[in-house]
Amino acid sequence: MTVNIERRRLVVGGALGLGALMLPVGRSLSAEVLGARGFTHNVASGEPGSDSMLLWTRYAPAASVDEVRLDAEVALDRDFTRVVSIGSVRTGAYRDWTAKLTMEGLQPGTSYWYRFIAPDGGKSPVGRTKTLPVGDVDRFGLGLFSCSNLPMGWFNAYAHAAARDDLDLWLHVGDYLYEYGIASYKDKDRVAGREVMPAHDHEMISLIDYRLRFACYRADPDLQKLHQMAPMVALWDDHEITNDSWEGGAQNHQPQSEGDWNTRRAAAMQAYREWMPVSEEPWKAYSIGTLATLYRTESRLLARTRPASAELARAHQAGDPEAALRNFRDGAWRDPTATMLGSEQESWLAHELKRNAPASAWQMVGMGTIIGRTLMPEAMPGWVRPEAGERAVDKFKKDVRASKLGLPMWMDRWDGYPAARSRLLRAAQHADADLVMLSGDSHNAWAYSLAEDGQPAGIEFAGHSVTSNGMEGQLAADPRDVAGAFVAANPELVWADTSQRGYMMIDITPQRVAGEWLFMRTTKSHSTALAGVHRMSVERGRRKFSV
């Protein structure tokens, strides 16, 4: 029997409090707290190959057992009269009853239907997936998502994308969920009924917390439908663990009250790999025939060095801040040991670009954070809403002061790691690659024509958020004026939108990559209506946007 978890049940479960989570060994946390049995969270697929696919589900047994076996079937038709692959997998409370299984022997560029079968004969919902093509490919459609904060709104972007029939693969570039407790949100930012566990002011810290939060997000019907309709390549950013994470800590981790960083990091990584249709590989390349190579990267938890945010803050507080900022700009900010990817992954990506660029038209790199250079426009402090307070104005003023000296506004993104950024872009240039960066994180929409050593290095489609608030919440100015000011202040920035939510559609052909930023009319009520679309494209060999 398939069980559908209702949103109100999640809210009731959260009200049980942390004391209810002290469960006997060998019993599933989520099954106990949520009271759900059977196939509790639908199905998903990911890690696509030309002849294989990873399948995912979660099954909580009714009986008190430590482990169950699930069978899986892949067929060419939804009625499963033409089954082409079968397999089996075991799961148990040790992995929160989630199950992942890679199915082999599939055909390239082919749509399939799949399902899981429980020991009692019960069947999961049926999922649809599609293998990657080989050889010459005329077109490939990619959906790009980031920053989906459940308490802040409805996942209308997921619902809209799931209803399409022109997309072959989803790419989620991070902030799939958020760590904060409900009490940390302002009332005006929350949507009634969009609750998460752990409840109230408790953010994710332990393995129990991360599993519960995933259970809440993956109970959302629009997110379930997205996973059910096509495979996903997914990578984490910071909020899957906590804000502004790096290898040795995070802005939002306080060891005195939240314990050892490595313990928290390990818990977050374990829950992510349990609940997501992903492999254990930290990074990976996916071949889309001669059309493109897609790269999944890891830029948060394994090798990223500490961002220079503290050094920048000290420079602003110095007796002569401009002199201190110049010293910071010419010293700590340019440190060649600062890295987003780590030397091993940097080397891997450089070699993969060189190997694949002659064989596939486009080199498409999925990245958690923006690589385009972004300085703060001078007019920004004067646009801050009065209710945002002097603290917001002061921050913008500092950003403007730093920008006048060539320092970016985001130390936590590639801008804060200029030597590492140069290494990546030079690797693409040396490989003679048509580079397309696909990123998220900022909650707003951006298009960059990237440059290195005065030469074009590729383009970046930076996607807006599914629900998370953007900078418009702090500003009283017309968003068109804000976007225009950013474009005027930043040579690499070709276009921006700083006020809308949604997702991106990337249309890939041998001679052109076209991107659409789709803007949802609202996230505060359940609707798939669009407010508008913006389109931009890059031609093969130009390595900058056509404008």
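**Sheet, helix pair and pocket**

Glu67 stands opposite Gly92 in S4. The model is predicted, so local features need pLDDT of at least 70 and side-chain atom pairs pLDDT 80 or more, whereas totals for chains, interfaces and linings use all residues. Residues are numbered from 1 along each chain as its sequence is written, and side-chain values use heavy atoms, without hydrogens or water.

**Sheet**
- Strand S3 (residues 67-75) runs antiparallel to S4, and 9 bridges join them (strands are DSSP runs of E, at least two residues, and helices runs of H or I, at least four, numbered from the N terminus; strands pair if DSSP finds at least two bridges between them).
- An open sheet of 4 strands has the order S4-S3-S6-S7, with antiparallel pairing.
- Strand S4 (83-92) and strand S7 (127-130) are the edges, each pairing on one side only.
- From one strand to the next, the twist averages 30°.

**Helix pair**
- Helix H8 (residues 309-316) packs against helix H9 (residues 321-330) at about 155°, with axes 7 Å apart (axes are lines fitted to C-alpha atoms, for helices over the stretch in contact; angles run from 0 to 180 degrees between N-to-C directions).
- H8 is therefore roughly antiparallel to H9 (the term applies over 145 degrees).
- Glu311, Leu312, Ala315 and His316 of H8 meet Pro321, Ala324, Leu325 and Phe328 of H9 (contact means heavy atoms within 4.5 Å).

**Pocket**
- The second largest pocket holds about 270 Å³ of space (a pocket is an open set of points on a 1 Å grid over the protein atoms alone, where a 1.4 Å probe fits, with protein on both sides within 12 Å along at least five of seven lines; points are joined across faces, edges and corners, and volume is the space filled by probe spheres set on them).
- Its 14 lining residues (an atom within 4 Å of a point) include Trp333, Arg373, Gly406, Asp415 and Pro418, the closest to its centre.

Terms used. Parallel < 35°, antiparallel > 145°, perpendicular 65-115°, else oblique.
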